[in-house]
Structures are given as structure tokens and as C-alpha cells.
Amino acid sequence: MSTTQARVAADPTCWSCGAATGGEHFCPACGKLQPLPRGTDYFALFGLTRKLCLDAAELEKRFHQLSWKLHPDNFVRAGEYERELSLDRASQLNDAYRVLRDPISRVEYLLAREGMRKEGEHKQQAPPELLEEIFELNEWLDELRIARQTSSNGEMMALRGKLEAARKNFEEKLRAVDAELDGVFGQWDAALDAGADDAARKKLMTRMNELLNRRSYIRNLAANVQKELAEA
Amino acid sequence: MAYSDKVIDHYNHPRNVGSLPKEDPNVGTGLVGAPECGDVMKLQMKINPETQVIEEAKFKTFGCGSAIASSSLATEWVKGKTVEEALAIKNTDIVRELSLPPVKIHCSVLAEDAIKAAIGDWKRKKGDTTPAAQTTTTHG
């Protein structure tokens with residue numbers, strides 16, 4: 001989104017020579033390393049807009065270029081402030097890369113920045129249909145779990161089969177959620193390109209939030225069935 | 001993280017596990033969840049329409065020990081109370097009783113939501129459209 005970059009590029013000035021930096025990592029006048037301008041998000045740090053379909057290779061390339069430039073080794077002979085700055089900036093860069101590299105943490109980060117997903121503080125709400133479905137799936141898994149504890153060796157084979165089927169089922173559901181998320185990512189990017197209004201963007205973010213909630217439930221179920229299988 | 005003795009007790013000997021007939025006009029069902037940790041909690045109560053007293057309460061929770069203990073405790077507390085009294089139960093009461101650590105406070109919030117959702121469901125069945133309270137979650 002271009003507004004982010006416009007905001008970043010507003011008017012930061014160099015801490016050393018006072019020249020306008022234009023939000024660059026290094027001062028265009030004196031070449032000194034700059035602190036990250038306030039409000040710069042992880043996307044802007046890489047010179048990216050808040051699009052969700054990120055080219056992994058391109059992100060990696062930008063990460064390597066930046067880490068090479070910001071690396072504390074380059075600043076061993078610099079003043080104390082710039083040395084500390086390079087440490088901060090290098091660690092920020094690593095955080096940013098870790099978050100953006102993974103599509104799920106990327107979208108979670110975006111939603112948190114947009115105030116749509118507040119972990120811990122505000123709990124996530126789940127629609128009743130999702131809760132019903134998850135409750136039933138949990139009950140089903142619970143039945144398998146109880147059967148595992150009480151079954152004879154002969155019955156174990158059949159049970160393993162059922163657990164395997166459950167695992168496949170959850171993995172398929174997970175893939176379906178991921179595919180749907182991918183689709184919404186594409187719509188989000190298109191909406192940014194089209195300069196969509198807040199209401200349209202909010203609608204897409206709400207949908208992404210719902211899908212993330214569903215994903216989180218199903219991932220949990222998949223982990224539980226995996227645990228049962230390991231013990232079966 | 002160490003669980004308090006009370007949490008462990010409820011976890012090992014959960015009170016009132018089970019379910020009540022959902023279609024019964026005197027039964028209210030509250031189904032709530034916390035997607036972040038994968039918890040789902042179902043709390044049901046049978047309420048006497050004459051006296052407004054909660055005569056029976058059952059729960060089933062899939063989640064961590066604190067979520068199970070919170071809902072188990074909630075069923076114990078609401079039994080014998082009137083609807084009004086049950087609605088006054090705050091999540092902080094549960095936190096205090098079970099000595100829940102800060103990271104588990106959301107489990108108690110879930111239990112409070114479940115009580116409100118169940119009562120809200122019962123009121124709706126009775127044709128009362130005023131919301132039970134500020135319920136933030138959903139009901140089945």
C-alpha cells in the first residue's frame with residue numbers, strides 16, 4: 001500500500017548531518033546509517049507494499065542485500081551510536097525476515113498492524129458453525145482416543161486405520177484452508193492495486209481472520225491425532 | 001508452568017461432565033471457543049422456568065487443564081443459583097478460586113462467556129429477546 005511508504009518518507013532527517021533522508025537506510029548526504037523511521041512496518045523495511053503474495057526469492061534477495069549493508073562488521077570503526085544502530089537494525093531485519101518469509105505469520109502480522117487481530121488482549125471470535133464443527137471433530141477424536149485405551153491388540157489395527165483416516169481428513173481440511181487463504185491473499189493484493197476503500201479492505205481482512213481461526217483449530221486437531229498415532 | 005492443586009483436582013476429577021438434551025426448552029446451551037489455543041467449551045444448564053433456578057449443569061471442554069478446570073468449576077458454581085446470580089459470576093472469581101496464572105486468564109473468560117451464552121440461549125428459547133448480558137461469543 002502506497003500510503004505506508006508515503007508516511008514513512010514524510011520528513012525524517014539524518015541524526016548526524018541533519019539532511020533529509022527520505023526514509024532511506026543510509027543518509028543520502030553523509031552516508032551514515034539511519035534508525036528505522038517511526039511507523040515503518042516490516043513490509044516497508046524491505047521496500048515492499050503490504051501485499052500478501054510475496055515472491056519468496058525476491059524477499060530473500062532483498063534480505064541478503066540489506067543484511068550485508070547493515071551487518072555490524074561494517075561498523076567496527078564507526079562511532080558508538082552508529083555501531084549500536086547497526087546491531088539494532090540487523091536484529092530488526094532478522095525479525096522482519098522471519099515474519100514475512102512465512103505466509104501465515106506474514107498475514108498475522110499484517111492483520112495485527114491493521115488492528116484486526118489482537119493476540120491475547122482481545123480474544124478471537126469464532127462463528128457458531130465453526131465451533132459446532134470443531135466440537136464434533138474433537139468428540140470424534142475423543143472416541144478414538146478412548147477406544148485406543150480399551151482395545152485389544154486385534155482391534156488396534158482397525159483403530160490405527162481410523163486414526164490414519166482422521167489424520168488425512170485433517171490434513172485435507174488444512175490444505176483447503178490454505179488454498180482459500182491463498183485466494184484471499186490474491187484478492188487483497190488486487191484490492192490494494194485498485195486502491196480499494198477501507199470497507200472493502202476490512203471485509204477481506206475479516207475473512208482472513210476467520211480462515212486463520214479455522215486453521216488454528218484444525219492444526220490443533222491434526223497435532224492431537226498425530227500424538228494418538230505416535231502412541232498407538 | 002505448574003498448575004495449582006485446585007486446577008489439578010478439577011482436571012483429574014472434572015465435575016458434571018456430559019450433556020443435556022439440547023432440544024429441551026428448559027435447557028440452555030453455550031458453545032464458545034478460543035481459536036488461538038484450540039479450546040472449545042460447551043456448557044449446558046437446565047433451568048426451572050418458574051423459579052429461574054439452575055437445577056442441572058453439564059459441560060464438555062476440549063482444551064488445556066485450565067480450560068477444563070474453569071468450566072468444571074463454572075458448572076459447580078451455577079448449580080442451585082438463579083439465572084441472575086449465575087450472570088453475576090465474573091471470570092476474576094474463577095481466576096482467584098483456581099489461582100490461574102496470567103497466561104491462563106483467557107480460560108476463565110471463556111467459562112464466563114459460556115455461562116452467559118448458555119443463559120442467553122435459554123432466554124431466547126423462552127422468547128426473551130433482551131440479551132443476557134454483554135456476550136462476546138456465540139452459542140449453539
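Here is a short chat about some helices and a pocket in this predicted model.

Reply: Residues are numbered from 1 along each chain as written, and chains are lettered from A in the order written. In this predicted model, local features need pLDDT of at least 70, while totals for linings use all residues.

Me: How do you know that helix H7 of chain A has close to its expected span?

Reply: The expected span is 1.5 Å times one less than the number of residues. H7 (residues 153–193) has 41 residues and reaches 60 Å from its first C-alpha to its last, close to the 60 Å expected. A helix here is a DSSP run of H or I with at least four residues, and a strand is a run of E with at least two.

Me: Why are H7(A) and H8(A) called roughly antiparallel?

Reply: Their axes come within 9 Å and cross at roughly 160°. Angles run from 0 to 180 degrees between N-to-C directions, and those over 145 count as roughly antiparallel, so H7(A) is roughly antiparallel to H8(A). By class, their contact has 21 nonpolar, two polar and 12 charged residues.

Me: What makes H6(A) and H7(A) roughly antiparallel to each other?

Reply: The axes of H6(A) and H7(A) cross at roughly 155° and come within 10 Å. They are therefore roughly antiparallel as well.

Me: What makes the largest pocket a pocket, and what is its volume?

Reply: On a 1 Å grid, a pocket is an open set of points with protein on both sides within 12 Å along at least five of seven lines, and lining residues have an atom within 4 Å of a point. The volume, the space filled by probe spheres set on the points, is about 680 Å³ for the largest pocket. Of its 27 lining residues, those closest to the centre include A:Arg145 and B:Phe62.

Me: Which helix gives the most to that lining?

Reply: H8(A) does, with seven residues.

Methods: Predicted model: local features only at pLDDT ≥ 70, side-chain atom pairs only at ≥ 80, totals over all residues. Heavy atoms only, no water. 1 Å grid on protein atoms, 1.4 Å probe; cavity = no way out; pocket = protein on both sides within 12 Å on 5 of 7 lines; lining within 4 Å. Parallel < 35°, antiparallel > 145°, perpendicular 65-115°, else oblique. Nonpolar A, V, L, I, M, F, W, Y, C, P; charged D, E, K, R; others polar.
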